[in-house]
Amino acid sequence: MLYSYTMRTITSVFFDIDGTLTSFATNDVPRSARDAVEICRQKGIKTALATGRSPQELQAVQRTLDMDFDGCVCMTGQIAYDGKGTYRDEYLKHEEIELFISYLQDHPDISVHFSERDYGYFNRIGAEVTKLYKDLGGTVDKAVIDDPMRALDHNIYQFSMFVPLDVERELDTMFTHIRPVRWHPDFADFIPADGGKDKGIQAMLDAWGLSREGCVVFGDGGNDIDMLDYAGIGVAMGNAHLSVKSHADYVTQSVDDDGVYKALEHFGIV
């Protein structure tokens with residue numbers, strides 16, 4: 001059972017960023033969360049990020065985080081790496097990208113963000129994109145616009161479409177090797193059908209020689225469900241949607257109410 005876990009069995013902790021480490025209200029990390037991460041590191045517990053952002057996008061958010069981590073799972077699990085190497089690197093199948101570009105040519109008014117490993121760009125910037133970047137504040141760099149045809153000859157790890165749920169469901173039936181995950185009401189991330197944050201975490205744990213049973217994960221969005229199901233202990237933030245909380249072993253307080261610290265305190269880590 002969950003509550004039989006002790007501090008000695010917990011060897012790694014993975015954190016989502018937006019809505020988990022950083023507050024949507026302040027675009028900053030609560031002091032208590034910073035303290036909790038540092039205590040984990042002092043105790044020899046591996047700490048890592050598990051985010052939908054790309055390695056390139058992390059450069060901006062790291063200015064806000066201003067914290068050290070042992071590794072990172074990026075782009076919803078498609079890339080996993082630490083200072084010693086890369087342990088997972090899975091991009092979308094090119095034939096599926098060709099299919100999507102054809103769809104986009106017929107629907108040019110849809111805003112889409114394409115994520116390469118070291119570069120990201122929009123085909124256009126609609127009102128939803130402008131609002132998102134305003135909400136995220138200093139945790140994102142200025143949005144870039146580029147030709148979506150670029151995706152035909154560059155590896156794309158995920159693309160994010162600013163569409164409502166009904167369009168997302170329509171697209172989900174169109175693809176064979178791509179599936180959508182959503183952590184924000186305005187857009188969905190499209191990732192490999194066999195991908196997810198759990199796959200990136202598994203690759204990282206294998207590289208570190210650690211078990212999933214000793215792994216704790218924190219998340220708040222739909223793209224965190226895979227890792228909440230995978231980890232030994234899945235913690236949902238109090239600000240998470242009910243559908244996300246239903247996959248968690250433990251529901252803590254919200255990010256703004258010291259949720260990270262209180263959960264790690266509950267499990268005897270801090």
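Leaving aside neighbours within four places in sequence, Gly219 is in contact (heavy atoms within 4.5 Å) with Asp16, Thr20, Asp224, Met227, Val235, Ala236 and Met237. The structure is a predicted model, in which local features need pLDDT of at least 70 and side-chain atom pairs count only at pLDDT 80 or more, whereas totals for chains, interfaces and linings use all residues. Residues are numbered from 1 along each chain as its sequence is written, and side-chain values use heavy atoms, with hydrogens and water left out.

Gly219 lies in strand S11; strands (E, at least two residues) and helices (H or I, at least four) are DSSP runs numbered from the N terminus. Gly219 counts as buried because its relative accessibility is 0%, where buried means under 20% relative accessible area, exposed over 50% and partly exposed in between (1.4 Å probe, protein chains only). Between Gly219 and Val181, 38 residues apart in sequence, the C-alpha to C-alpha separation is 14 Å.

Strand S11 (215-219) is also among the elements that cover the buried residues of helix H9, together with strand S1 (12-15), helix H1 (31-42), strand S12 (233-236) and strand S13 (250-251). Within H9 (residues 259-266), the buried positions are Gly259, Val260, Ala263 and Leu264. These residues lie on the same side of H9 because they cover an arc of only 125 degrees around the axis, the arc being that of the directions from the helix axis to the C-beta atoms. After H9 comes Gly268, which has a positive phi near 75 degrees.

The domain assignment of the protein chain gives domain 1 (12-90 + 195-267) and domain 2 (94-192), with bounds that come from an automatic or database assignment. Taken over C-alpha atoms, the domain centres are separated by 23 Å. The contact takes 27 residues from domain 1 and 23 residues from domain 2. Domain 1 and domain 2 bury about 2000 Å² between them, 48% of it on carbon and sulfur atoms; buried area is the accessible area (1.4 Å probe) that two parts lose on being put together, summed over both. Asn27, Gln56 and Met75 supply 23% of the area that domain 1 buries against domain 2, more than any other three residues.

Between the two domains, 3 salt bridges are counted, each defined as a side-chain nitrogen of Lys or Arg within 4 Å of a carboxyl oxygen of Asp or Glu. On the side of domain 1 that touches domain 2, the elements giving two or more residues are helix H2 (55-65), strand S4 (79-82) and strand S5 (85-89). H2 contributes the largest share of that side, 7 residues.
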